[in-house]
Amino acid sequence: MAGGYMSVEASFLISWTIFLFVLLIYLSFYTYDKCVLFQDAYAVCFRGSIQKDEDNVVPYISAHIQEQFGRKYFGTGEVHGSVDRNGHVTYVTGECQVKVPIRSVFTMQEKDGWKIRTQARAQIINPTHIIRKSRWIGNMFTQ
């Protein structure tokens, strides 16, 4: 009789163990994708913010955002990005959805499921102008 109970307990234990491993894999995908999405958003935001012409910042980012996001994300749908400018600060927002087979049961804090949304910001600067101004100040003190 004891052998029957052990097989029932083992079936529950194996099922929960597999479930936990799969959940950990999906949590790893989520964490990886969130980190890479922020990294990509900041990289394209920074590259755009150092354009010589300040009017070229938003068009540059818009033209290169999908190229930067690429196809390096695991278990997600398409990555969408948008760019916004407010004065001398530019913002890049990235968004994607982790594909979880049982999303309706296991949502993470939001109704939408495992949605990843991140925003990066960078100050718009003109490196050429800063270098010339620094050299000018340095030349004033060396004379």
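User: Which backbone oxygen does the side chain of Ser-49 reach, and at what distance?

Analyst: A polar contact is a pair of N or O atoms within 3.5 Å; within protein, one must be able to donate a hydrogen and the other to accept it, and residues adjacent in sequence count only if both atoms are side-chain atoms. Here the side chain of Ser-49 reaches the backbone oxygen of Phe-46 at 2.8 Å. The model is predicted, so local features need pLDDT of at least 70 and side-chain atom pairs count only at pLDDT 80 or more, whereas totals for chains, interfaces and linings use all residues. Residues are numbered from 1 along each chain as its sequence is written, and side-chain values use heavy atoms, with hydrogens and water left out.

User: Where does Ser-49 lie, and is Ser-49 buried or exposed?

Analyst: Helices (H or I, at least four residues) and strands (E, at least two) are DSSP runs, numbered from the N terminus. Ser-49 belongs to helix α1, which covers residues 2-49. For accessibility, buried means under 20% relative accessible area, exposed over 50%, and partly exposed in between (1.4 Å probe, protein chains only). With a relative accessible area of 0%, Ser-49 is buried. Gly-48 is also in helix α1 and is buried at 0% relative accessibility.

User: Which residues does Ser-49 touch, and which does Gly-48 touch?

Analyst: Contact means heavy atoms within 4.5 Å. Leaving aside residues up to four places away in sequence, Ser-49 touches Val-57, Thr-90, Ala-122, Gln-123, Ile-124 and Ile-125. With the same exclusion, Gly-48 touches Val-57, Tyr-60 and Ile-61. The C-alpha atoms of Gly-48 and Ile-61 are separated by 5.4 Å, although these residues are 13 residues apart along the chain.

User: What is the order of the strands in the open sheet?

Analyst: Two strands pair if DSSP finds at least two bridges between them. In this model an open sheet of 3 strands has the order β1-β2-β3, with antiparallel pairing. Strands β1 (80-86) and β3 (115-123) stand at the edges with a single partner strand each, so one side of each has no neighbour in the sheet. From one strand to the next, the twist averages 15 degrees. Strand β2 (residues 89-97) is joined to β3 by 9 bridges, and the two run antiparallel. In β3, Lys-115 is the bridge partner of Gln-97.

User: Across which strands does helix α2 lie?

Analyst: Axes are lines fitted to C-alpha atoms, for helices over the stretch in contact, and angles run from 0 to 180 degrees between N-to-C directions. Helix α2 (residues 57-69) lies across β1 and β2 and runs at about 160 degrees to β1.

User: How many aromatic pairs does a search of the whole structure find?

Analyst: A pair of aromatic rings is described by the distance of the centres and the angle of the planes. Rings of Phe, Tyr and Trp (its six-membered ring) pair if their centres lie within 6.5 Å; planes under 30 degrees apart count as stacked, over 60 as edge-to-face and the rest as tilted. The search finds 5 aromatic pairs. One of them, Tyr-26 with Phe-29, is edge-to-face, at 6.0 Å centre to centre and 85 degrees between the planes. Being 3 residues apart in helix α1, Tyr-26 and Phe-29 are separated by about one helical turn. Tyr-42 and Phe-46 have ring centres 6.2 Å apart and planes at 20 degrees, so this pair is stacked. Both Tyr-42 and Phe-46 lie in helix α1, 4 residues apart. Tyr-42 is partly exposed at 36% relative accessibility, as is Phe-46 at 37%. Ring pairs also link Tyr-26, Phe-29, Tyr-32 and Phe-74 into a cluster.

User: How many salt bridges are counted, and with which residue does Asp-40 form a salt bridge?

Analyst: A salt bridge is a side-chain nitrogen of Lys or Arg within 4 Å of a carboxyl oxygen of Asp or Glu. By this rule there are 4 salt bridges. Asp-40 forms one with Lys-72, the closest N and O atoms being 3.5 Å apart. This pair links distant parts of the chain, with Asp-40 in helix α1 and Lys-72 in the loop between α2 and β1, 32 residues apart. Asp-40 is buried at 2% relative accessibility, whereas Lys-72 is partly exposed at 35%.
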